[in-house]
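Subject: Structure for you to look at

Hello,

Here is the structure I said I would pass on. Please open it first and then read the notes below.

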Amino acid sequence: MRFDVITIFPEMITAYFQAGVIGRARARGCFAIHTWNPRDFAPDRHRTVDDRPFGGGPGMVMMAPPLLAAIAAARTANPGAPVCYLSPQGRPLQQQAVVRMARRPGLILLAGRYEGVDERVMSAVDEEWSIGDYVLAGGELPALVVMEAVARLLPGVLGHADSAVEESFGESGLLDCAHYTRPELMDGAPVPEVLLSGDHGRIRRWRLQQSLGRTWERRPEILAQRGLRSGEAELLEEYRRQRGETQCDQREGVGDEHH
């Protein structure tokens with residue numbers, strides 16, 4: 001996998017991938033990152049890449065010629081890779097799209113700045129993606145989000161082959177379950193007994209049930225869109241019943257000798 005990022009701040013991109021699991025994976029050659037600075041394609045000695053918008057208004061707009069030249073150079077270096085523009089107007093980025101991206105040989109990511117890019121640049125853009133309904137100073141952070149989300153799915157990047165598929169929005173399409181580590185008891189809060197049982201079948205069932213319950217509680221729209229698979233309706237109903245009993249017990253003060 002090869003990532004090409006078009007940005008006027010290439011140091012923001014390269015600095016991020018120098019640490020952590022992703023940085024080590026890049027050093028091992030699991031994926032490659034190249035940056036293209038539109039200023040290098042500007043025709044004037046000041047390396048100008050922005051100008052005032054026609055029609056007036058605040059801010060500056062990134063000019064089309066330097067960006068189009070940078071895109072053309074990236075396409076030549078990374079043939080077959082789609083050009084993805086990061087902007088609030090794009091489609092919301094979801095895990096299903098990330099999985100599809102990870103199957104491609106490469107991605108060219110266009111990070112805008114200022115008030116955005118000249119609309120004529122969009123003729124060279126294949127896809128437009130948003131990481132959320134809010135505004136940032138530029139597209140570098142969204143580009144980093146896309147690259148990390150995709151890179152984590154590439155062979156050899158994570159230490160355990162199953163890590164990427166067992167997390168939130170993995171193969172199950174659900175939120176992740178709760179996780180615990182040592183100590184077994186902390187401030188009166190124990191680790192669930194099932195996780196200490198050594199019974200891998202029970203553990204898998206518990207984790208799926210917790211994922212179903214968390215998704216139902218926190219992101220019901222995901223569950224509504226995904227639907228329930230074989231046996232999951234019973235697991236979710238059991239989870240809801242247990243939660244209801246627990247909340248009822250708490251309200252009624254069960255266990256309090258003065259109730």
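Contact, as used here, means heavy atoms within 4.5 Å. Angles run from 0 to 180 degrees between N-to-C directions, with axes as lines fitted to C-alpha atoms, for helices over the stretch in contact. Helices (H or I, at least four residues) and strands (E, at least two) are DSSP runs, numbered from the N terminus.

This is a predicted model, in which local features need pLDDT of at least 70 and side-chain atom pairs count only at pLDDT 80 or more, while totals for chains, interfaces and linings use all residues. Residues are numbered from 1 along each chain as its sequence is written, and side-chain values use heavy atoms, with hydrogens and water left out.

Five strands form an open sheet in the order 2-1-6-5-7, with parallel pairing; two strands pair if DSSP finds at least two bridges between them. Strand 2 (32-36) and strand 7 (127-130) are the edges, each pairing on one side only. From one strand to the next, the twist averages 35°. Strand 5 (residues 83-92) pairs with strand 6 (residues 106-111) in the parallel sense over four bridges. The bridge partner of Tyr 85 is Leu 110, in strand 6. Helix 3 (residues 64-77) lies across strand 1 (2-6), strand 2, strand 5 and strand 6, and runs at about 170° to strand 1.

Salt bridges

Side chains of opposite charge can pair when their charged atoms come close. A salt bridge here is a side-chain nitrogen of Lys or Arg within 4 Å of a carboxyl oxygen of Asp or Glu. The whole structure has eleven of them.

One joins Arg 104 to Glu 127, with the closest N and O atoms 2.6 Å apart. Arg 104 is in the loop between helix 4 (95-102) and strand 6, and Glu 127 is in strand 7, 23 residues apart. Buried means under 20% relative accessible area, exposed over 50%, and partly exposed in between (1.4 Å probe, protein chains only). Arg 104 is partly exposed because its value is 28%, whereas Glu 127, at 12%, is buried.

Another joins Arg 113 to Glu 140, at 2.8 Å between the closest N and O atoms. Arg 113 sits in the loop between strand 6 and strand 7, and Glu 140 in helix 5, 27 residues apart. Arg 113 is buried at 15% relative accessible area, and Glu 140 is buried at 0%.

Regards
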